[in-house]
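Here is a brief report on one model.

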Amino acid sequence: LLKRKPDLWQPLLWQDAEPIDGNNLRQEYIDDILTNLVPNLMHISFAGGETLYQQQHYEFIAAIPEEHAAHIQLLYVTNGTVTEYKKYNVFDLWKKFKKVVIVVSTDGVLERYNYFRQGANWAVVEKNMRAFRAAGYDVYSEITCSVYQLFYLSETIDYLYDNNLSVDLSSAIVQSPLIISPRIVPDDLKQEILSNWNTYLSSINDPVKYARAKAVGSHPINYM
């Protein structure tokens with residue numbers, strides 16, 4: 001998603017009317033964006049798939065001149081597992097941009113994360129989140145909530161908040177496939193989850209943490 005300056009405010013997508021393979025954009029599209037859009041852009045959002053595994057993403061970011069990068073804010077939604085790809089290092093590439101915001105999609109923490117993200121390692125994700133923050137980037141945690149995450153939502157919130165891994169927390173509901181949607185929870189378990197959630201909230205003495213936990217959890221809890 002590309003967003004122009006206020007006088008050219010409308011959002012723009014890389015996908016035009018003609019179908020494009022999002023993982024293999026034609027060079028002509030990239031050249032057109034660099035030449036005609038980048039000089040007037042304020043925001044570029046990378047929100048689908050895992051952008052930090054895509055070669056063309058790095059080539060595109062590297063090709064943006066410093067004079068234009070200085071007025072562009074980057075937003076990434078990522079699983080947080082990658083900071084280097086082949087010859088590229090995100091910290092080197094991001095230095096020239098006005099601002100970088102990173103939303104880390106989190107299925108859980110520690111061993112639960114490793115279970116749901118087979119092949120991934122929570123220790124690596126946490127290390128990267130700390131490195132992002134140390135570099136001055138805004139880091140947010142978005143807890144993905146399927147039927148599984150509802151049972152240990154408080155555990156995830158506690159770890160992320162108590163370890164100061166992100167600026168703020170949010171949640172996103174997994175609606176597909178339906179078999180793992182929070183909506184499939186039987187009524188008796190819904191009452192158990194709700195009771196445990198309310199007990200957890202009442203145990204929080206920190207008013208800031210309480211407000212954040214309630215905001216994060218109320219959406220998926222009420223959705224089920």
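How many residues apart in helix 6 are R130 and E126? They are four residues apart, which means about one helical turn between them.

## Basis

This is a predicted model: local features need pLDDT of at least 70, side-chain atom pairs count only at pLDDT 80 or more, and totals for chains, interfaces and linings use all residues. Residues are numbered from 1 along each chain as its sequence is written, and side-chain values use heavy atoms, leaving out hydrogens and water.

## Salt bridges

A salt bridge is a side-chain nitrogen of Lys or Arg within 4 Å of a carboxyl oxygen of Asp or Glu. By this rule there are eight salt bridges. One of them joins R130 to E126 at 3.1 Å, N to O. Helix 6 spans residues 122-134; helices (H or I, at least four residues) and strands (E, at least two) are DSSP runs, numbered from the N terminus. R130 is partly exposed at 38% relative accessibility. E126 is buried at 13%. Buried means under 20% relative accessible area, exposed over 50%, and partly exposed in between (1.4 Å probe, protein chains only).

K99 and D138 also pair, at 3.1 Å, N to O. K99 is in strand 7 (residues 99-106) and D138 in strand 8, so the bridge ties together parts 39 residues apart in sequence. D158 and K209 meet at 2.7 Å, N to O. This pair links helix 7 (residues 153-162) to helix 9 (residues 207-223), across 51 residues. D158 is partly exposed at 24%, while K209 is buried at 10%. D158, D162 and K209 are linked in a network of salt bridges.

## A buried lysine

K190 lies in helix 8.

The largest nonpolar core has 56 residues. Such a core is a set of buried Ala, Val, Leu, Ile, Met, Phe, Trp, Tyr and Cys residues joined through side-chain atoms within 4.5 Å. Among the members touching the most others are F60, I64 and W94.

C145 sits in strand 8 (residues 138-145). Its relative accessible area is 0%, so C145 is buried. C145 and H219 are 74 residues apart in sequence and 9.6 Å apart in space, C-alpha to C-alpha.
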